[in-house]
Amino acid sequence: MADRLKGKRAVVTAAAAGIGRACALAFAREGATVVATDINESGIATLAREGIAETARLDVRSTADVNGFAKRVGKIDILLNAAGFVHHGTIMECSEEDWDFSFDLNVKSMHRTIKVFLPAMLAGSGGGILEFPSVAALRPPPQPPV
């Protein structure tokens, strides 16, 4: 089933590894023009050899970075937010700084990217937004007995 995404333009965050990378490659195999992003530039550097049209360093925790990136990229058809973080340890070991980092990366980053890309999707022929920020819901970190 190749070319299901032919003519579509996709942005994938956290594409250096894991589900972000797998989705970026799958979208490219299906014919999408993919812009793969991550803060890990060495991780996304190899994606061009695997059919990814463009890679870019993007810190989704920065509104300025996201806004500048979106302005440069323009209208897209698919946005996949895969950036996420799971704190390792219990709530008792999670500092407020750790919590703020998790919330910023797992939640606010989605708001930033959706806010800049959605208007063009709505004004045009639509699009799709997918959110996969964490595996914690599927496999939560182990907790000690209470």
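Trainee: How many bridges join E1 to strand E2, and in which sense do they run, parallel or antiparallel?
Mentor: 4 bridges join the two, and E1 and strand E2 (residues 33–38) run parallel. Keep in mind that this is a predicted model.

Trainee: Which residue of E2 stands opposite Ala10?
Mentor: Val34 in E2 stands opposite Ala10.

Trainee: How many bridges join E1 to E4?
Mentor: There are 3 bridges between E1 and E4, and these strands run parallel.

Trainee: What is the order of the strands in the sheet?
Mentor: The order is E3-E2-E1-E4-E5, in an open sheet of 5 strands with parallel pairing. The edges are strand E3 (54–57) and strand E5 (128–131), each of which pairs on one side only. From one strand to the next, the twist averages 15 degrees.

Trainee: And how many bridges do E4 and E5 pair over?
Mentor: E4 and E5 pair over 4 bridges, in the parallel sense. Within that pairing, Leu80 stands opposite Leu130 in E5.

Trainee: Are the residues on the two faces of E4 buried or exposed?
Mentor: Buried, on both faces. Ile78 and Leu80 are on one side, and Leu79 and Asn81 are on the other.

Trainee: Which helices lie on the sheet? Start with H1: which strands does H1 lie across?
Mentor: H1 lies across E1, E2, strand E4 (78–81) and E5, and runs at about 170 degrees to E1. Helix H3 (residues 63–73) packs on the sheet as well, where it touches E1, E2 and E3. The direction of H3 makes about 155 degrees with that of E3.

Trainee: Stepping back, how many helices and strands are in the chain?
Mentor: The chain has 4 helices and 5 strands. Read from the N terminus, the elements run β-α-β-α-β-α-β-α-β.

Trainee: What share of the residues is buried?
Mentor: Buried residues are 38% of the 146 residues in the chain. As for the surface, the chain exposes about 8500 Å², and carbon and sulfur atoms supply 59% of that area.

Trainee: What about contacts along the chain? How much comes from residues 24 or more positions apart?
Mentor: Those residues account for 62% of the contacts in the chain that have a separation of 6 or more.

Trainee: New topic. Where is Thr13 found?
Mentor: Thr13 is in the loop between strand E1 (9–12) and helix H1 (18–29).

Trainee: Why does Thr13 count as buried?
Mentor: Thr13 counts as buried because its relative accessibility is 2%, and the cut-off for buried is under 20%.

Trainee: Which residues does Thr13 touch?
Mentor: Leaving out residues up to four places away in sequence, Thr13 touches Gly20, Thr37, Val60, Leu80, Asn81, Ala82 and Ala83.

Trainee: What is the phi of Ala14?
Mentor: Ala14 has a positive phi of about 55 degrees, although it is not a glycine. Most residues other than glycine have a negative phi. Ala14 is in the loop between E1 and H1, and at 18% relative accessibility Ala14 counts as buried.

Trainee: Switching to Asp104. Which helix does Asp104 lie in?
Mentor: Asp104 lies in helix H4 (residues 96–123). At 16% relative accessibility, Asp104 counts as buried.

Trainee: Which residues is Asp104 in contact with?
Mentor: Setting aside neighbours within four places in sequence, Asp104 is in contact with Arg61, Ser109 and Arg112. The side chains of Asp104 and Arg112 are joined by a polar contact of 2.6 Å. Asp104 and Arg61 are 43 residues apart along the chain, and their C-alpha atoms are separated by 6.2 Å.

Trainee: Last one, on cysteines. How many disulfides does the structure hold?
Mentor: The structure holds 0 disulfides. A disulfide is a covalent bond between the sulfur atoms of two cysteines.

Trainee: And is Cys23 buried or exposed? What about Cys94, buried or exposed?
Mentor: Cys23 counts as buried, at 16% relative accessibility. Cys94 is buried too, with a relative accessible area of 19%.

Technical notes:
Residues are numbered from 1 along each chain as its sequence is written. This is a predicted model: local features need pLDDT of at least 70, side-chain atom pairs count only at pLDDT 80 or more; totals for chains, interfaces and linings use all residues. Side-chain values use heavy atoms; hydrogens and water are left out. Buried means under 20% relative accessible area, exposed over 50%, partly exposed in between (1.4 Å probe, protein chains only). Contact means heavy atoms within 4.5 Å. Accessible areas come from the Shrake-Rupley method with a 1.4 Å probe; for residues, only the protein chains shown count as cover. Two strands pair if DSSP finds at least two bridges between them. Axes are lines fitted to C-alpha atoms, for helices over the stretch in contact, and angles run from 0 to 180 degrees between N-to-C directions. A disulfide is a pair of cysteine sulfur atoms within 2.5 Å. A polar contact is a pair of N or O atoms within 3.5 Å; within protein, one must be able to donate a hydrogen and the other to accept it, and residues adjacent in sequence count only if both atoms are side-chain atoms.
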